[in-house]
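Morning, everyone. Let me walk you through one model. Have a look at it first.

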Amino acid sequence: MTAALDHVLASRFYGARKRLRDTRLIATDVDWSAGQGPKEVRSPATDLLLLATGRPRPVLSAG
């Protein structure tokens with residue numbers, strides 16, 4: 001998962017560098033963080049990957 005995050009953040013294709021330029025991403029379930037800035041996002045790595053690729057977070061139903 002961390003390799004995928006590193007790839008997405010380094011790639012121009014996804015636009016993550018521009019979109020998240022002043023945001024620090026911190027994974028809560030693995031030892032990974034990236035970026036710097038006044039904003040911080042703390043979340044499981046899978047949710048950070050969705051954010052970095054510009055995809056919406058899935059809505060989970062309680063049931």
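Helices here are DSSP runs of H or I, at least four residues long, and they are numbered from the N terminus. With that in hand, start at the end of α3: Gly54 follows this helix, and its phi is positive, near 80°. Keep in mind that this is a predicted model.

Now α3 itself. Which of its residues are buried? Ala45, Asp47, Leu48 and Ala52. These four span an arc of only 160° around the axis, so they sit on the same side of α3. Recall the helix geometry: an α-helix has 3.6 residues a turn, so residues three or four places apart point the same way. And what covers that buried side? The cover includes α1, α2 (16–19), β1 and β3.

Take Ala52 on its own. Leaving out residues up to four places away in sequence, Ala52 touches Val8, Leu9, Tyr14, Ala16, Arg19 and Leu20.

That brings us to the core. The largest nonpolar core has 12 residues. Among them are Leu5, Val8, Leu9, Leu25, Trp32, Ala45, Leu48 and Ala52. Three elements each supply at least two of its residues: α1 (2–10), β1 (23–27) and α3 (45–52).

Last, the sheet. It is open, with 3 strands in the order β2-β1-β3 and mixed pairing. β2 (33–34) and β3 (39–43) are the edge strands; each has a single partner, so one side of each has no neighbour in the sheet. β1 and β2 run antiparallel, joined by 2 bridges. Leu25 has Ala34 of β2 as its bridge partner, and both residues belong to the core.

Key
Residues are numbered from 1 along each chain as its sequence is written. This is a predicted model: local features need pLDDT of at least 70, side-chain atom pairs count only at pLDDT 80 or more; totals for chains, interfaces and linings use all residues. Side-chain values use heavy atoms; hydrogens and water are left out. A nonpolar core is a set of buried Ala, Val, Leu, Ile, Met, Phe, Trp, Tyr and Cys residues joined through side-chain atoms within 4.5 Å. Buried means under 20% relative accessible area, exposed over 50%, partly exposed in between (1.4 Å probe, protein chains only). Contact means heavy atoms within 4.5 Å. Two strands pair if DSSP finds at least two bridges between them. The arc is that of the directions from the helix axis to the C-beta atoms.
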